[in-house]
Every structure is written in structure tokens, then in C-alpha cells.
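Biologist: I have a model open and would like to learn how to read it feature by feature. Could you take me through it?

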Amino acid sequence: MEYELELGSELEEFYSEGMITGVVEQLTSGKEATAYVCRAGRKLGGGLVAAKVYKNHRHRSFKNDGVYQMGRNIPGGSLRKAIELRNDVGREAQATLWVSAEFDTINKLMNAGADVPRLLGQSGRVILMEYIGDMAGAAPKLGDVRLEREEAVRLFNDVVWNIETMLRNDVIHGDLSPFNILYHKGRAVIIDFPQAVDPRFNTMARELLRRDIENICRYFTRMGVVTNGQGILHRLWSSFRHSSWR
């Protein structure tokens, strides 16, 4: 009940459309947003769903956001000026852009077949999406899981395929690590895309891709997988730059 009172206005549209009937519990809380488990309404067939609620701009703590905004389409006129000045109006507008950017990115990747949560809707600062887990609890983060080597090799190949699929669709995650990958029923599901960049327009794209790959290789090396981060980076970036996918 406490969460429902606290989030009532944020989730109002989902309640009124019959998409959710209540908030079960807080799932996670990060620098950008807090995720909640909700009871799905008849419109969604019941069960559980996840609501990611972005924090008010006054409580956001995301750093170096200029790196990730490079190349993004920002409205012109007075709104753009407010964003540049970083006043209250500008910061609120910027926060809204982050939500829309994450929704659009996940939607693109979902349609491309990547292992991301299925989107259910967006309203204001909230994204409603598939709940990764079951009635017993949420799926663990990959970084908290100890894998057998055979399973680790399979998952490593899956994650690299997802990184390649992202790049083929002009997306670099930008903050990928084992702690924003969920492990559920043998599947790795990648989450948290507000900082994703378009490598066609962001001059830091290769560096962000390198960091994503290194983070993943570091984890899987600990699981006994033989990795070659530099080789993966060279192959993917060369294919992207030489337009062999286009």
C-alpha cells in the first residue's frame, strides 16, 4: 500500500487502462530509476510486470551524461536553451528525453530479436515492461551467478551475439556489465538502456563499445571462458565502419 500511495500519480494511466492492479514490491533502486513489481491487470492477462520509474530530475545522479547525449536529437528553441542552461525546466525536459530514448532503444532491439525485456507501455517517467522472473522471485543479475563452464561458454556467445545485434541496429549499450544482465531459465536478458548511444553520431562510440566488451569478457574469464575482447572489438567495429552489414 505504501508504494501504491507513493506512485499513484506516476502509474495512474496504467491503472486506468487496466494494465496493472497494484504494486507488489520494490525490485531495485539505482542512480537513474527505481523498478517495481506490479500485478498485471486483465488487459495484460494477469501475472506480474515490471514498472521502471525514473527519478525526479532533482534526485538523479547520473554522471557524464554529455558523453551519452552526443548525437541525440534534442528539440530546438527555448527547450533546447533550457537544457543547455540546466535549469529546472531543462533538467525535467532532459529527464523525459532519457525515458523516451530508453523506450525507443529497447523497442528497436526487441524488434531485432535481441534478448531484452518485452515492452508493454510508457507514460511520463514510467516504462512498463515484462517482469523477468517468476512468482518465487526476480531473476538474479548475471554478476551474482556462478556458472558452470559449459553454461558460461554458451551464455558468453549469446551476449556477444546481442552486442553484435545492437551494433547492427546502431546501438551501443554504453554501460554494459554482468550487473545489468539478468539470468533467467538459461537466458541472458540485457536491461538498462538510458545511456545507449548511436555509433553513427557519437565520437566516443568505439571507446564505449570497448568498455562494454571488456566488462563482459572480465566476468566470463572468471567463469573459465577463453575470451578475446580485442578480437571481438576489432571484428565488430571493422564490420560496422566498413558498412558490411548495411
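Modeller: Gladly, and let's begin with the surface. The protein chain exposes about 12,200 Å², of which carbon and sulfur atoms supply 49%. Such accessible areas come from the Shrake-Rupley method with a 1.4 Å probe, and for residues only the protein chains shown count as cover. Please keep in mind that this is a predicted model, where local features need pLDDT of at least 70 and side-chain atom pairs count only at pLDDT 80 or more, while totals for chains, interfaces and linings use all residues. Residues are numbered from 1 along each chain as its sequence is written, and side-chain values use heavy atoms, with hydrogens and water left out.

Biologist: How much of the 246 residues in the protein chain is buried?

Modeller: Buried means under 20% relative accessible area, exposed means over 50%, and partly exposed is in between (1.4 Å probe, protein chains only). Here 48% of the 246 residues are buried.

Biologist: How many helices and strands does the protein chain have?

Modeller: Helices (H or I, at least four residues) and strands (E, at least two) are DSSP runs, numbered from the N terminus. This chain has seven helices and nine strands.

Biologist: How do I check the length of a helix such as α6?

Modeller: The expected span is 1.5 Å times one less than the number of residues. Helix α6, residues 205–222, has 18 residues and reaches 26 Å from its first C-alpha to its last, close to the 26 Å expected.

Biologist: At what angle do α5 and α6 pack?

Modeller: Axes are lines fitted to C-alpha atoms, for helices over the stretch in contact, and angles run from 0 to 180 degrees between N-to-C directions. Helix α5 (residues 149–168) packs against α6 at an angle of about 170°, with the axes 11 Å apart.

Biologist: Which residues make the contact between α5 and α6?

Modeller: Contact means heavy atoms within 4.5 Å. From α5 come Ala152, Leu155, Phe156, Val159, Ile163 and Leu167, and from α6 come Leu209, Ile213, Ile216, Cys217 and Phe220. These divide into eleven nonpolar, no polar and no charged residues. In this scheme Ala, Val, Leu, Ile, Met, Phe, Trp, Tyr, Cys and Pro count as nonpolar, Asp, Glu, Lys and Arg as charged, and the others, Gly among them, as polar.

Biologist: Is aspartate 170 buried or exposed?

Modeller: Aspartate 170, in the loop between α5 and β8 (181–184), counts as buried at 10% relative accessibility. Its C-alpha is separated by 6.9 Å from that of arginine 200, 30 residues apart along the chain. Aspartate 192 also has a positive phi, near 65°, and lies in the loop between β9 (187–190) and α6. Aspartate 192 is partly exposed, with a relative accessible area of 29%.
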